[in-house]
Amino acid sequence: MRRLVTCAALGVLVVIADVSGQQPVADLILSNGKIVTVDERFTIAQAMAVRGERIIAVGTNQDITRLAGPATQRIDLRGRTVIPGLIDNHMHLLRAAGTWTAELRWDGVYSRKQAIDMLRARAKAVGPGQWVFNIGGWATAQFADDPKPFTREELDRIAPDNPVALQESYYQVFLNSRGLEAFGIRQGALDPEDFLTGTVQRDAAGKPTGIIRGDIAATRPVAARLPKVPADQLEASAKMLVADMNRVGLTSFGVAGCNGEVLDIMKRWRMRNQLNVRLFCIGGAAAGSPADVDRSIETIAGMKLYDGDEYIDDVVFGESVYTPLHDRMFAVDSNYSADQLAQWRRMAMAIAQAGLPLHVHANLTDTIDQFLDQVEAVNRVYPVRNLRWALAHLNQVNASHLERMKKLGMYAAVHPWGVINGAIFHDSFGEAAANDLSPFDAIQKSGIAWGFGSDGSAANQYIPMTALHYAVTGKLAGGRKVIRQTISREDALIAYTRKNAYFVFREDDLGSIQRGKVADMVVLDRDYLTVPADEIKDIKPVQTFVSGRIVYNSEPVVGSR
Ligand SMILES: [Zn+2]
């Protein structure tokens, strides 16, 4: 492996010495492991030392042991692999808290049988008449044992006494009879007014099949009618959400939609040093109409960024600039008018003039081309090269887009919806197009600065190891190979760690296990670099650390004080 440097070659240990010139005593030492630092040379080390919130040394067991004092907590890794805390550069994290504990989440459930068992258990737990539901984050193709869709009759058998609504990504919703009844959808009756015409599927006799289908416009009215977490349970829901993120090794997020009550809750946790994830907000006032653009432009000039800290900060404008130009998930092409694009450009011009970074939703080939036309026009007036402007999602990005983006100094925030939607993409777009969603090899070879995000929790599942498995094998968790362009494990991991530190404007603090950075790291149950590729999705964190604090622990820490 070209980037591997043996421990012996690491050479002399360097630590931050305190003012007296003495070597500091570590608070925490992890040794006897395989520490995948993800530094610029992809160095592998044996041990690392932490003092306070930061890493003070990385090196050999011998070097690091010298930093131990009587009070140092020591963890014997017993050969285990450690990677940097994983960073998702785009997730709707705060929104997810609003339904998290109310939902039956299927992220990481790769057996249909298990999913059904969970559904049955949930129905029993919530009691007759109560909703059992989820809002995306899964697709039937993730089930290795049987990827077939659910039917109304099947769901009636599994949960006869509960209304059930299972939202498959943003593609469709499966309802049982009680679910249909709750929405007033029945044979001989008109569809509910808030449901888009034609999205309620019916058989030849007009009987509703239980399926609501038609992209986000079809699924949104269903989700809107489902119960939210009650106000007095919101904090507990947010806490469970954060715990679930830590359980899969996530420690930092670019947060799309970053406001509201959940943000306030997390700010309170931050004050008490109890916030176990870092939130880097993607925000700002998008415009919905030409009149709105005038208003938004006024606020852009006064937008303040970087006024937070390494836990919560406002970092970038996004994810929408002009909301009428928002690609839908399963749309084949976009048809945006010159007038609409001119409004988009006015917004972008103001953002560039204010010297702000940008992170904007762009998915379809035509949209990416048209947005780049606008950015090139803006760039002639206000150069964007050093502003870290990023296009986000980019499932349909191609080599020519990447070249144009690179010339502009833009970044690619890659959110492979195919991790769960790969099979649906084959049905919707045809094999030739679907095979390159996302074109990882072209992205990697272009040399553009790029990083991974999930765009969870509805459009995609959130588990990084499942996404890394997809990028490395081209396969869905259920085993079906759906894309042909794959990348190396090293490049995939870099895109989930060090490269993403740039997307959250914290490259000095995050993204690699290096002296001076915060001690965010994940101990894995098996070695990401050598496990058979098909098993990458099954890798589980044993411990997750944020700023040197253990925020997730699957087993008692082995070690001594
Ligand atoms: Zn988006």
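Predicted model: local features only at pLDDT ≥ 70, side-chain atom pairs only at ≥ 80, totals over all residues.
Strands of a sheet are held in pairs by backbone hydrogen bonds, and the pairing may be either parallel or antiparallel.

The two strands belong to an open sheet of five strands, in which the order is β9-β10-β11-β13-β12 and the pairing is mixed. The edges of this sheet are formed by β9 (132-135) and β12 (200-202), each of which pairs on one side only. From one strand to the next, the twist averages 25°. Helix α6 packs on the sheet, where it touches β9, β10, β11 (172-175) and β13 (208-213), and the direction of α6 makes about 115° with that of β13.

The helix that packs on the sheet also contributes to the largest pocket, for α6 gives the most to the lining, with six residues. The space in this pocket amounts to about 930 Å³. The pocket is lined by 44 residues, of which His 92, Arg 95, Tyr 170, Ile 216 and Glu 319 are the closest to its centre. At least two residues of the lining are supplied by each of α2 (93-97), α6 (215-225), β15 (278-283) and β16 (312-319).

Terms used:
Residues numbered from 1 in each chain as written. Heavy atoms only, no water. 1 Å grid on protein atoms, 1.4 Å probe; cavity = no way out; pocket = protein on both sides within 12 Å on 5 of 7 lines; lining within 4 Å. Points joined across faces, edges and corners; volume = space filled by probe spheres on them. Helix = DSSP H or I, 4+ residues; strand = E, 2+ residues; numbered from the N terminus. Pairing = 2+ DSSP bridges. Axes fitted to C-alpha atoms, helices over the stretch in contact; angles between N-to-C directions. Contact = heavy atoms within 4.5 Å.
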